[in-house]
2 protein chains.
Amino acid sequence: MGDHFALTENGITPPLRWEEPPEGPVLVLLDQTRLPQEEVELVCTDVQALVAAIRSLAVRGAPLLGLAGAYGIALAAARGYDVEDAAELLAHARPTAVNLEYGVRRAVEAYRNAAPEQAPAAALAEARQLHAQDAAASAAMAEHGERLLSELVTGGGYRILTHCNTGALVSGGNGTALGVVLATHRSGQLRRLWVDETRPMLQGARITAYEAARAGMPYTLLTDSAAGSLFTAGEVDAVLVGADRIAADGSTANKVGSYSLAVLAAYHHVPFIVVAPTTSVDLATPDGSAIEVEHRPANEVTDLAPSPLGTQAYNPAFDVTPPELITAIVTENGVVAPVTAERLAAVCG
Amino acid sequence: MGDHFALTENGITPPLRWEEPPEGPVLVLLDQTRLPQEEVELVCTDVQALVAAIRSLAVRGAPLLGLAGAYGIALAAARGYDVEDAAELLAHARPTAVNLEYGVRRAVEAYRNAAPEQAPAAALAEARQLHAQDAAASAAMAEHGERLLSELVTGGGYRILTHCNTGALVSGGNGTALGVVLATHRSGQLRRLWVDETRPMLQGARITAYEAARAGMPYTLLTDSAAGSLFTAGEVDAVLVGADRIAADGSTANKVGSYSLAVLAAYHHVPFIVVAPTTSVDLATPDGSAIEVEHRPANEVTDLAPSPLGTQAYNPAFDVTPPELITAIVTENGVVAPVTAERLAAVCG
């Protein structure tokens, strides 16, 4: 599979692309639920299909959800569907990542502000601009993040622990946290990438391992609960994670398990670094308690063993790390450290 | 399956039993790797088969490994194999749980101290005595543990988080941590048992859920990395875990992931309680750094997704929690709190 995909410079199949075959425009998604065994594409011709792909996690990751939202509006517009209905459906397909709403809003505003006959093209142009901006943000975060690591970690060669997947598959560029890791690898500074498997959906074991392997990084997989042992062994120089939504006070919602790593990192005096574009910052959400955390179906947890029939599961997709446990937030506009509302607002300004 | 098993009072199939069919004595094990789907028994006629069952985790859990070690010696003796060779093989089948060596040593000493014609019977009698003592220790730990909870947790009704499996399937009685939980359930004090799935071998999702379901407990399964969210939500009144080896200073080796829970519990001012018989205390091991932690094959981690070919894994079976993170150690001889070398030695005296 996969030879009909144009690969990115990383050897990674692009997670999302716009195509215009004779029968009308489509949004083509790489089905991330089937990685790494298969590279299967989903071709969306309407917003319902895209919403289903978002809910099933075929397309996932905060920055990429922003692009999916924007292109989804462009798709609805190009195919003559009701754009306001599409916006309503898409913006609430999943609740936690603010980028989804953001991407939808940008494309809808471009659509509304254009003359009717130009509106579909305006929505698409806006989606493409967001795509390019996201790629540029990746590059800027990588640069800021690499400089921050050089300041925080002495001794040469980083051993970085990461959780979930935050690379080229969640972005228009090289990603957020994993984009920084890739930059350190390319400059010869990455000693070891520790990859949390990231239950229940195993984005680490499946997707981060896939990206790390393609990039030739020295990486090692571990169960999420083995991270504590790595800290006690002194094997972690920094923890780098992404973000699904950052509240105005710096509280960061990210993949469930991030909070435990933040507590462990603080206990062991290891930097805990969030890498996210300012499109993931939501100044309208005052603090962590105001972030809606998505709870997902029990069977994502219970089907694995499988557990006894009737077993209930607690399955939040995200947790929220408070600013006092975050050493720094790396954005495309610079580094927020210490994490305060004022400094965060300043980089978003 | 299972109708030919004599169930314990909990409705749980006994994990290990000695039988004497006409063709010679055997040790019958419940294969815990196949729970909860199937109740399959393994019939061991020699020590090699028992060692294989220990390594594959068909029989597991610190107190039960002690019984397996003692009965294994009795089996070798009864069948006329070399008992010293059997002891060497069995004692080192897995390195971390001290009970295995302890059970082997007790049966070997009984064997050595008896007249030759009485020696096989003496080894079996010692194994049976250890079995009965372990059941009694379970009952005493349940009593001490329940009293401790009533002192530490106010408000009525406990929400207890546990990790791995520590119930009737690891013991001659009702177990260690899960034995305490069962006691609180029977006295109407258990509001909720939170069950960590316990990657990579899923002893929580498979075996604790099975025991909890059979006992009619209110229980909910979660991925190991979701525990942090429970703490931030204020949903955990106490963490109860078992132990594979407790060093003289109180450092406790237990299933990997226990340490992260201890750090989270300390951060959230929630009691972190170890429940273990004094047979799991090893006064000859001075501290945590002297505990040998077993590392298990990478494929226990990498096979799940599956990860890209060639993916390495870091797969320690245990981690070590230092005494300053342990609120109390509950033994059959009483509660050690605060955890100091002096107090620990006193309950073992």
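User: Where in chain B is B:Cys164 found?

Analyst: This is a predicted model. B:Cys164 is not a glycine, yet its phi is positive, at about 60 degrees. The residue is found in a loop of chain B, the one between β4 (158-162) and α6 (177-186).

User: Which residue does a cis peptide bond join to B:Pro306, and which residue does one join to A:Pro338?

Analyst: B:Pro306 has its place in the loop between α10 and β12 of chain B, and omega of its cis bond is about -10 degrees. A:Pro338 sits in the loop between β15 (334-336) and α11 (341-348) of chain A, with omega about -5 degrees. The partner of B:Pro306 is B:Ala305, and that of A:Pro338 is A:Ala337.

User: How much area do chain B and chain A bury between them?

Analyst: The contact involves 49 residues of chain B and 49 residues of chain A. In chain B, the residues that lose the most area to chain A are B:Ser225, B:Tyr259 and B:Tyr314, together 16% of what that side buries. Carbon and sulfur atoms carry 65% of the buried area, and the area for the two chains is about 3,900 Å².

User: How many residue pairs are in polar contact across the interface of chain B and chain A, and how do the residues on the side of chain B divide?

Analyst: With both residues at pLDDT 80 or more, the rule finds 16 residue pairs in polar contact across this interface. Elements giving two or more residues to the side of chain B include β5 (190-196), α7 (203-215) and α9 (258-267) of chain B. The residues on that side divide into 28 nonpolar, 14 polar and seven charged.

User: What is the distance between the closest N and O atoms of B:Arg199 and A:Glu197?

Analyst: Two salt bridges are found across the interface of chain B and chain A. B:Arg199 and A:Glu197 form a salt bridge, and their closest N and O atoms are apart by 2.6 Å.

User: Which residue in β6(B) stands opposite A:Gln312?

Analyst: Strand β12 (residues 312-314) of chain A pairs with β6(B) in the parallel sense, over three bridges. In this pairing, the residue opposite A:Gln312 is B:Thr220.

User: What is the strand order of the open sheet of three strands in chain A?

Analyst: The edge strands, each pairing on one side only, are β1 (16-19) and β3 (41-44) of chain A. Strand β2 (residues 26-30) of chain A is joined to β3(A) by four bridges, with A:Val28 and A:Val43 as bridge partners. Neighbouring strands are turned by 25 degrees against each other on average. The pairing is antiparallel and the order is β1-β2-β3.

User: At what angle to β1(A) does helix α2 of chain A run?

Analyst: Helix α2 (residues 62-78) lies across β1, β2 and β3 of chain A. Its angle to β1(A) is about 15 degrees.

User: Why is one side of β11 and of β13 of chain B left without a neighbour in the sheet?

Analyst: The open sheet has four strands in the order β11-β8-β9-β13 of chain B, with mixed pairing. β11 (281-282) and β13 stand at its edges, so one side of each has no neighbour, as each has a single partner strand.

User: How many residues apart in sequence are the parts tied together by A:Arg245 and A:Asp282?

Analyst: A:Arg245 and A:Asp282 form a salt bridge, with 2.8 Å between the closest N and O atoms. A:Arg245 lies in β8 (residues 245-247) and A:Asp282 in β11 (residues 281-282) of chain A, so the pair ties together parts whose separation in sequence is 37 residues.

How values were computed. Residues are numbered from 1 along each chain as its sequence is written. Chains are lettered from A and ligands numbered from 1 in the order in which they are written. This is a predicted model: local features need pLDDT of at least 70, side-chain atom pairs count only at pLDDT 80 or more; totals for chains, interfaces and linings use all residues. Side-chain values use heavy atoms; hydrogens and water are left out. Contact means heavy atoms within 4.5 Å. Buried area is the accessible area (1.4 Å probe) that two parts lose on being put together, summed over both. A salt bridge is a side-chain nitrogen of Lys or Arg within 4 Å of a carboxyl oxygen of Asp or Glu. A polar contact is a pair of N or O atoms within 3.5 Å; within protein, one must be able to donate a hydrogen and the other to accept it, and residues adjacent in sequence count only if both atoms are side-chain atoms. Ala, Val, Leu, Ile, Met, Phe, Trp, Tyr, Cys and Pro count as nonpolar, Asp, Glu, Lys and Arg as charged, and the others, Gly among them, as polar. Two strands pair if DSSP finds at least two bridges between them. Axes are lines fitted to C-alpha atoms, for helices over the stretch in contact, and angles run from 0 to 180 degrees between N-to-C directions.
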